[in-house]
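These are my notebook entries on one protein chain. I set down what I looked up, entry by entry.

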Amino acid sequence: MRELAEAARVGIDACRRAVDNMHRAGVLAKVGERRVSYRNRPVALYALMQHSSAANGADNAIGLAQALQVWR
């Protein structure tokens, strides 16, 4: 969450609230976890869900970096 808040240039609480709301609305999907040096527990990894009208069997998650590019 810290890296995302820094990249978006918002506070950690605002970032946490936005990610929670986007996850609840189905815009983001949790795709994994990773260890970081500044925290004892792993942090969640999220990806933006790509909504398409045609189901092509491909993975619907695109990178969070792409979501940040769209958001800016």
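**Entry 1: Gly-11 and its loop**

I began with Gly-11, which counts as partly exposed at 40% relative accessibility. In my notes, buried means under 20% relative accessible area, exposed over 50%, and partly exposed in between, with a 1.4 Å probe and protein chains only. Gly-11 lies in the loop between H1 and H2. From Gly-11 to Met-1 I noted 10 residues in sequence and 9.9 Å in space, C-alpha to C-alpha.

I must record that this is a predicted model, in which local features need pLDDT of at least 70, side-chain atom pairs count only at pLDDT 80 or more, and totals for chains, interfaces and linings use all residues. Residues are numbered from 1 along each chain as its sequence is written, and side-chain values use heavy atoms, with hydrogens and water left out.

Arg-9 also lies in the loop between H1 and H2. Arg-9 is exposed, with a relative accessible area of 74%. Its phi is near 60°, a positive value in a residue other than glycine. Most residues other than glycine have a negative phi.

**Entry 2: The overall layout**

I then listed the secondary structure: 3 helices and 3 strands. Helices (H or I, at least four residues) and strands (E, at least two) are DSSP runs, numbered from the N terminus. Along the sequence the pattern reads α-α-β-β-β-α. The chain has 72 residues, of which 18% are buried.

I also looked up contacts, meaning heavy atoms within 4.5 Å. Among those between residues at least 6 apart in sequence, 19% join residues at least 24 apart.

**Entry 3: Helix H2 and what follows**

Does the span of H2 agree or disagree with its number of residues? The expected span of a helix is 1.5 Å times one less than its number of residues. For the 14 residues of H2 this gives 20 Å, and the end C-alpha atoms are 20 Å apart, so the two agree.

Met-22 is found in H2 and is partly exposed, at 33% relative accessibility. Leaving aside neighbours within four places in sequence, I found Met-22 in contact with Val-27 and Leu-28.

After H2 comes Gly-26, with a positive phi near 85°. Gly-26 sits in the loop between H2 and S1 and is partly exposed, with a relative accessible area of 30%. Gly-26 and Leu-48 are 22 residues apart in sequence, and their C-alpha atoms are 8.9 Å apart.

**Entry 4: The nonpolar core**

Which residues make up the largest nonpolar core? I noted 6 in all: Leu-4, Ala-5, Cys-15, Val-19, Leu-28 and Leu-48. The elements giving two or more residues to this core are H1 and H2. Such a core is a set of buried Ala, Val, Leu, Ile, Met, Phe, Trp, Tyr and Cys residues joined through side-chain atoms within 4.5 Å.

In soluble globular proteins, nonpolar side chains tend to be buried together.
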